[in-house]
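Please read this briefing beside the sequence and the structure shown below.

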Amino acid sequence: MLQSEALSVLKTGVNVFLTGEPGSGKTHTINAYVEYARSCGIEPSITASTGIAATHVGGMTIHAWSGIGVRKDLSAYDLDAIAGNKNVHSRVRHAQILIIDEISMLSARTLDMVDTVCREVRGNQSPFGGLQVILVGDFFQLPPVSRAEADDEGQIRIAEERREKFAYESRAWADLNPLVCYLSEQHRQVDGPFLEILSTLRRATFGEDQKKILRTRYARVAPEGVTQLYAHNANVDVINMKELEKLSGKVVEFGMHGKGPEKVVNSLRRSCLSPEKLLLKVGARVMFTKNDLAPQKYVNGTLGTVTGFADSGFPVVETRAGTVIAEPDEWHVEDGGRIIARIMQVPLRLAWAITVHKSQGMSLDAVHMDLSSTFEYGQGYVALSRARTLAGLSIAGLNQRATEVHPDVLQEDEKFREKSEKVQKHFQSVSVAEIETLHANFIRACGGKFGAGRNVKEKQQPGSSLEITLKLIKAGNGIAEIAKERELKVATIIDHLEQLKDLRRLDMARDCAHLTKPKHLEKMQEALLATADESGNMPLSPARAFLGERYSFDDLRLARLFFKE
């Protein structure tokens, strides 16, 4: 399913499980939905299964949001206490949309407890008290936290019989019965052979052929300046401090500052990727731990080297894109659009090494990993999928567990894919006008104002946004003309054409015969075919990597549109 299709499903207000491989655009799709909801006057409740994931999405943990905290069970007394908590009662009672990110790391019993709280507080026995619930994640990645034990040799192992059940095994999931939107495009990895390795891991068909390819990336010692991944914190801390000590020069310390309720601030401190006490020297290998929204000089995962300290005292970091002064940034917890707690720190961490757990959600151009002590299903897959290309990967060790995904997840994933295909076909059979009505009805039912986010010129035109584009295309207008007339980007108009074609409302041969086809159309179509996946989906990034960066994504999207049905 395309991101645009999933976004359209989300806008109808149905409960959704949004999934897909790493790099398929889950976070991008959710961010687009949040922006849309806010433009209509609705503030989604954004949560995640862990503190680290919560800092990535700018929300709070689902444990804090629901008031369950660290509880493993929910007694009648607990439920009364939670329902009586003024803050919890207010946010749960007035919520309209609940987003839970990294759902793979949330246990079944925790999801059940959240459901119970929502029903109680909202006085509604529908699943989650009638909220629209959006579950986001990939069950092939890190599973719910299990009890770790040390064996006779001191190695950490997980007792399988004590493992937490996956969220999809819960009563709450069954009652919710979410529609599945399985994203199919790939925006992180642009390397065909490497994508195939990751696919074999997901299908549990990883074998000798794939091992041979990974052996070509074997390196006992990490290449200079490359981030290292390990399964255990102990390895990471030792490597980072050793590397820092090797550097000459003065240590400069940056402390973390917090504001808000102590418990919430402490939770933010523990989950923040930047440490409370950041120690740096000139020459230190660092990683940015936050996205720079504007002018976007770095993103979460950007690597660099400290080259000095500015007059302000803050570190000067040399990245591949240029020089950046890393000034303090903020991590916060929101409740109903209001910031209730925040921490401030320079958005850096030492990055000679990090744990696999803390790497989840990152994309790295170059990474070295030792997976010889991997102890959990999904750890190896998460680590390997952090790399964008095979050329950017080096491996010091790989044990059997690193190549394994959970057999239960493997079986369930097939069901998820089948359900997603049914959802996709159903929505393709519904007219644009009907879908637009569903979008409007949900926003109004939530007390929002449908279309509030459109520009003035857009509001003056009758019909839905897609219908307007369709009408103008059929009238013989070009894409650039429509974009100018509607004060929209060309990419947005192309997105409309893709949606209209998916919904079978647009016949490219009949309705778009007047459009100027992009140069090198056949060459681009050949590349799209060559990099298509087994199900026939044509992701753009692999084709662009095959052709080169002089081919724009907009041209490739047009080339894909002009394929014959």
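**Aromatic rings, charges and a sheet**

In this predicted model, ring pairs link Phe17, Phe139, Phe166, Tyr168, Trp173 and Phe416 into a cluster. Local features need pLDDT of at least 70, side-chain atom pairs count only at pLDDT 80 or more, and totals for chains, interfaces and linings use all residues. Residues are numbered from 1 along each chain as its sequence is written, and side-chain values use heavy atoms, with hydrogens and water left out.

**Aromatic pairs**
- Rings of Phe, Tyr and Trp (its six-membered ring) pair if their centres lie within 6.5 Å, with planes under 30 degrees apart counted as stacked, over 60 as edge-to-face and the rest as tilted; by this rule the count comes to 14 aromatic pairs.
- The ring centres of phenylalanine 17 and phenylalanine 139 are 5.5 Å apart and their planes stand at 55°, so this pair is tilted.
- Phenylalanine 17 and phenylalanine 139 are both buried (under 20% relative accessible area, 1.4 Å probe, protein chains only).

**Charges over rings**
- A charge sits over a ring if NZ of Lys or CZ of Arg is within 6 Å of the ring centre and within 35 degrees of the ring normal.
- Lysine 11 lies over the face of tyrosine 36, at 4.4 Å from the ring centre, and the charged end of arginine 401 sits over the ring of tyrosine 377, 3.9 Å from its centre.

- Strand 13 (residues 285-288) and strand 14 (residues 303-309) run antiparallel and are joined by three bridges; methionine 287 has leucine 303 in strand 14 as its bridge partner.

Terms used. Pairing = 2+ DSSP bridges. Helix = DSSP H or I, 4+ residues; strand = E, 2+ residues; numbered from the N terminus. Buried < 20%, exposed > 50% of the residue type's maximum accessible area, 1.4 Å probe, protein only.
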